[in-house]
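Good morning, colleagues. Please bring up the sequence and the structure on your screens, and I shall then take you through the side-chain contacts.

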Amino acid sequence: MTVPGYARPNTVDSAFDYFDIGLRRGSGPGSTIEWRPVGRYLKATVRPTFGIDPGTFSFSLHPDHPIVSAITKRNVTKACWHFRAGYNGLNALTGRIMNVDYDGAPGRAPFTYSGKCNKVWLQSMNAWVNNQLPPEVQVNLTGKQDIRIGKPDALFKSYLTSVATRLNVPVVPALPIRDSWEWPNLADIDSLDDLLDLVLDVGEGLVALAARFPSLHDLWGPTTERLEMGVRIDTYDGHGTSPQVFNTSSLANLQSIIDRTSDGFLDLSRLLDPLNDGLFSLALDRAGYVLDTVQKRQRQNVQWRTDGGQIASYKYSASHPELYMAVVGGKSPAILNDVIEIGANLAIAALIAGLATIPGLAGVGGLSVVVGDLFDDIFFAYEVYWDADIRDAVGADDALPEQFVDNTASHSIEGYSTAHQALKEKGGSETLTLTAVGGTADGRGISFGADNGTARRYQLGDVVTFYDRGNVVEQYVSEVAITHEPGKGLIEEPTVGKSKRAKGPWDRVFGLFGQAGALADAVANSV
C-alpha cells in the first residue's frame, strides 16, 4: 500500500511468475520435462517476439550458484536444457539454453546462460519437395516444388505436419484451425464497394507457398512479414492434460521404417503402431512443442505518453523510400523455355522440309538442326512489381524508382514473395522502441502481461498508441525485452513495428489479380 508522504516503491526483488530450467525424463511416449527454479540470478533478460524470428533470453549466475555445477559447456552440447519464464500471468517464453559463457578470473566472474525460444525449431526443419520420398528422388504432384495454397494458419500447420512426420519429432500444430469464414449479411450490401468487399473477403489472406528444401523459417518468413502475423511455439511438459493438437507420431513411426537415418529403419514391428494407436491423435503422448499462429489485436486504449512519467527514453527511426518498383528475374519459367525450344525446332524442321521440295535442294532434307537452349531466359525472364502508394506519397517527380532485387525465376511464387518483401523493406519504414519502466513495484503503470480488464496491460501483437507532444503513433508491439536485476528497477523495452497500409476494395481487386497470376505462373514454373 502506498502511504501519503512516502515515496512509492521502485525496486523489484521478484519479477517473474516462474523462471525455471528443466530436463526431459525418459524418451518417446510418456516422457516428461521435470523443472527446477533457477533461483536468485544476478541479472536476467527475456525477449519474446511476435513474428517468426526466435525470441531470446539470458541470465547470469554467481559462480557458487548450484546450477553452475549442473549446466556446463560440456553437457549443454550433450543435453537439451529447457527453459520457461512466466510474467504477469503470461507464459512469456519457452525455449532451450544454447550457450554457456564465462569470461573472467576463475571463481570470481559470473556464468552467463543464453538461449532461444522454441521457434528455433523452424530454422532446423526443412520443407522437402516430397516428405514421403528419399532425398535421392524428389518429385511431387505439383512438379519440382511442393506448392500449397490456403489461409496462413492452415497452410503453416500443413507444412509443419508433413515435415514433423518425416523427422518423427514432437512438434505439432495446435487445433482448431483458424481463419474460418462467416456468412455475411446480404442486407448490409448497399453499394458496389460493399459487393466488392464481400467477393474479395472470400479470397482475402490466401497464401501460396512453394517449397524446395527451404527451412520453415525461410519459407514462412515473407508471409509473416507481409501479413504482419505472429507465430509461437510453446512447450508442453507432458504433465496434465495435453492441449488439443494434430499429432501424427504413429505415421511418423511408420515412415521411419524406410528412413535409413532413423532408429526405426527396417523395424517392421512399427507397422502395428497405426493399428494400435490410430493414424493420428488429438493429444501429445509425450512432452513436445505446440505451434500456433497469432493475430494482431486492436488495443489503442493502451497508451504511452511522454508526459506520463513512465517512458525513460524512446528511439524512433524512419527511413525514406528507396524504390517503388522491384525488379526480379533472370530466368524464364521452365515450361515457357521448353515450349519456345520445341516451337523453334518444329519451325526449323518445317523450313528444311520446305526447302527440300525445291529442285536442286533435295540434299537439304538430310540436315538436322536443333536450337537447344539458344532462346532460354529471353521471354518473360524479368518481372516488375510496383507500389503506387509509395510513388504518390513522395511525388512522381522525386520518388526513387527501382532496384533489382534478386535473380530468382520471374512469374513465380519466389519472385512474388521476394519482390513484395523488398517493397516492404525498402519502401520506407518506421520503428519505435520505448524504454519504459515496467509498471511500478506497487502494480501501477503499463506492463506486458495477461489482460486484467484495464488499459494497463499489453501483449505481443497488440496495436497500441504512443503520444508525444501532439503526435500520435498507432503501431503493433513486435517484441518486448524484460530486464531485471534483483533489488533494482524492472525495465521493459517494447519495440513497436510498422503497420501495413490500409487498402480499399479497388486496391484489393488489383492486388488479388496480381496474386492469382503469380500463383498460376508458379504452378507452370514448377513443371
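I begin with the aromatic residues: this predicted model holds 17 aromatic pairs. Consider Trp-121 and Tyr-289, whose ring centres lie 5.1 Å apart with the planes at 55°. Stacked pairs need planes under 30 degrees apart and edge-to-face pairs over 60, so this pair is classed as tilted. The two partners come from distant parts of the chain, 168 residues apart. Trp-121 belongs to the loop between strand 7 (111–117) and strand 8 (146–150), whereas Tyr-289 belongs to strand 12 (residues 288–294).

Elsewhere, a set of aromatic residues forms one cluster, including Phe-16, Phe-19, Tyr-41, Phe-59, Phe-83, Trp-304 and Tyr-458. Some of these names return when we turn to the nonpolar core. The largest such core has 43 residues, and Phe-16, Phe-19 and Phe-59 touch the most other members. Let me take Phe-19 as the example. Leaving aside residues up to four places away in sequence, Phe-19 touches Pro-37, Val-38, Tyr-41, Ala-44, Val-46, Phe-59, Phe-83, Arg-84 and Ala-85. There is also a second, separate core of 24 residues, with Tyr-159, Ala-164, Ala-211 and Val-231 among them.

Tyr-159 brings us to rings that face a charge. The charged end of Arg-148 sits over the ring of Tyr-159, at 4.4 Å from the ring centre. In a further case, Arg-166 lies over the face of Trp-128, with 3.9 Å to the centre of the ring.

Next, helix 3, which comprises residues 152–167.

Finally, the charged pairs. The count of salt bridges comes to 15. Asp-20 and Arg-84 meet in one of them, with an N to O distance of 2.9 Å. Asp-20 is in strand 1 (residues 18–25) and Arg-84 in strand 5 (residues 82–87), so far as sequence goes 64 residues apart. Asp-20 counts as buried at 7% relative accessibility, while Arg-84, at 22%, counts as partly exposed. Arg-84, you will recall, is also among the contacts of Phe-19.

A second salt bridge joins Asp-451 and Arg-297, at 2.8 Å from N to O. Because Asp-451 lies in the loop between strand 19 (447–448) and strand 20 (457–458) and Arg-297 in strand 13 (residues 297–305), this pair ties together parts that are 154 residues apart in sequence. Both residues count as partly exposed, Asp-451 at 40% and Arg-297 at 27%. They also take part in a network of salt bridges that links Arg-297, Arg-299, Asp-451 and Asp-462.

Glu-485 is partly exposed at 26%, and Lys-488 is partly exposed at 47%. Thank you for your attention.

Notes. Residues are numbered from 1 along each chain as its sequence is written. This is a predicted model: local features need pLDDT of at least 70, side-chain atom pairs count only at pLDDT 80 or more; totals for chains, interfaces and linings use all residues. Side-chain values use heavy atoms; hydrogens and water are left out. A nonpolar core is a set of buried Ala, Val, Leu, Ile, Met, Phe, Trp, Tyr and Cys residues joined through side-chain atoms within 4.5 Å. Buried means under 20% relative accessible area, exposed over 50%, partly exposed in between (1.4 Å probe, protein chains only). Contact means heavy atoms within 4.5 Å. Rings of Phe, Tyr and Trp (its six-membered ring) pair if their centres lie within 6.5 Å; planes under 30 degrees apart count as stacked, over 60 as edge-to-face and the rest as tilted. Helices (H or I, at least four residues) and strands (E, at least two) are DSSP runs, numbered from the N terminus. A charge sits over a ring if NZ of Lys or CZ of Arg is within 6 Å of the ring centre and within 35 degrees of the ring normal. The expected span of a helix is 1.5 Å times one less than its number of residues. A salt bridge is a side-chain nitrogen of Lys or Arg within 4 Å of a carboxyl oxygen of Asp or Glu.
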